[in-house]
Amino acid sequence: TLTAIRPLLRRVPEPPPVLLQLPEFSLVAADGTPFGSAELRGQVYVASFFFTSCRSICPALMHGMTRLQDGLARNEIGGVRLVSISVDPGHDTPQVLTDYGKTLGVDPRRWTLVTGDPEQVRRLVVSGFKTPVEPAPQGGAEPMDIAHTGKLVLVDGAGRIRGYYDSNDLGLDEVFNRAQ
């Protein structure tokens, strides 16, 4: 009897609260096509911020996004997209993103790498997603990375931010389950 009623007893948690509304935006996907809020409308997505020449947090962050992509595919979870926005659009052209995506094993049906006009990207990241980004310091002997967040941002189908999650194992697990 317990086995038969167990599904009825399962508690499904409430969705995360709405934190803020993202503005409309349009950037450029790795394949060179426009990509933004219009293409994402009606879809839940997890956003991350990176750049291809990053030597600090980006390799681990993008590895985490790869794990999310694989987990969504393995569990046959549709309707959840992954979007990675380059914070170095001057260097990360669509061709650079295409090549980088191949090294990560990006499935373009599920995960999109995007770039765009530098000021437009900065405005979206800072004013839209409310995450920091600072250009690399100039003139040092050792090149420095662009300072940006390592958080993953969960966005609902109406373009509303529902949460900020760490990109460590615990955060990846939480955003994976919350995205569903």
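Hi everyone, let me start with a pair of strands: strand 2 and strand 3 run antiparallel and are joined by three bridges. Please keep in mind that this is a predicted model. In that pairing, Val28 has Pro34 of strand 3 as its bridge partner. Four residues lie between the two strands of this hairpin, and among them you'll find Gly32, with a positive phi near 90°.

Val28 stands opposite Thr115 of strand 6, while Ala29 stands opposite Val114.

Stepping back, this belongs to an open, mixed sheet of eight strands, in the order 1-10-9-4-5-6-2-3. Strand 1 (20-21) and strand 3 (34-36) are at the edges; each has a single partner strand, so one side of each lacks a neighbour in the sheet.

Let's move on to helix 6, which spans residues 169-179. Which of its residues are buried? They are Gly171, Leu172, Val175, Phe176 and Ala179. Looking down the axis of helix 6, these buried residues fall within an arc of 135°, so they line one face of the helix. As a reminder, an α-helix has 3.6 residues a turn, so residues three or four places apart point the same way. Asp169 and Leu170 are exposed, on the face of helix 6 turned away from the buried side.

And what covers that buried side? The cover over the buried residues of helix 6 includes strand 4 (44-50), strand 5 (80-86), strand 9 (152-155) and strand 10 (160-165), along with helix 3 (58-74). Thanks, everyone!

Definitions and conventions:
Residues numbered from 1 in each chain as written. Predicted model: local features only at pLDDT ≥ 70, side-chain atom pairs only at ≥ 80, totals over all residues. Heavy atoms only, no water. Pairing = 2+ DSSP bridges. Buried < 20%, exposed > 50% of the residue type's maximum accessible area, 1.4 Å probe, protein only. Arc of directions from axis to C-beta. Contact = heavy atoms within 4.5 Å.
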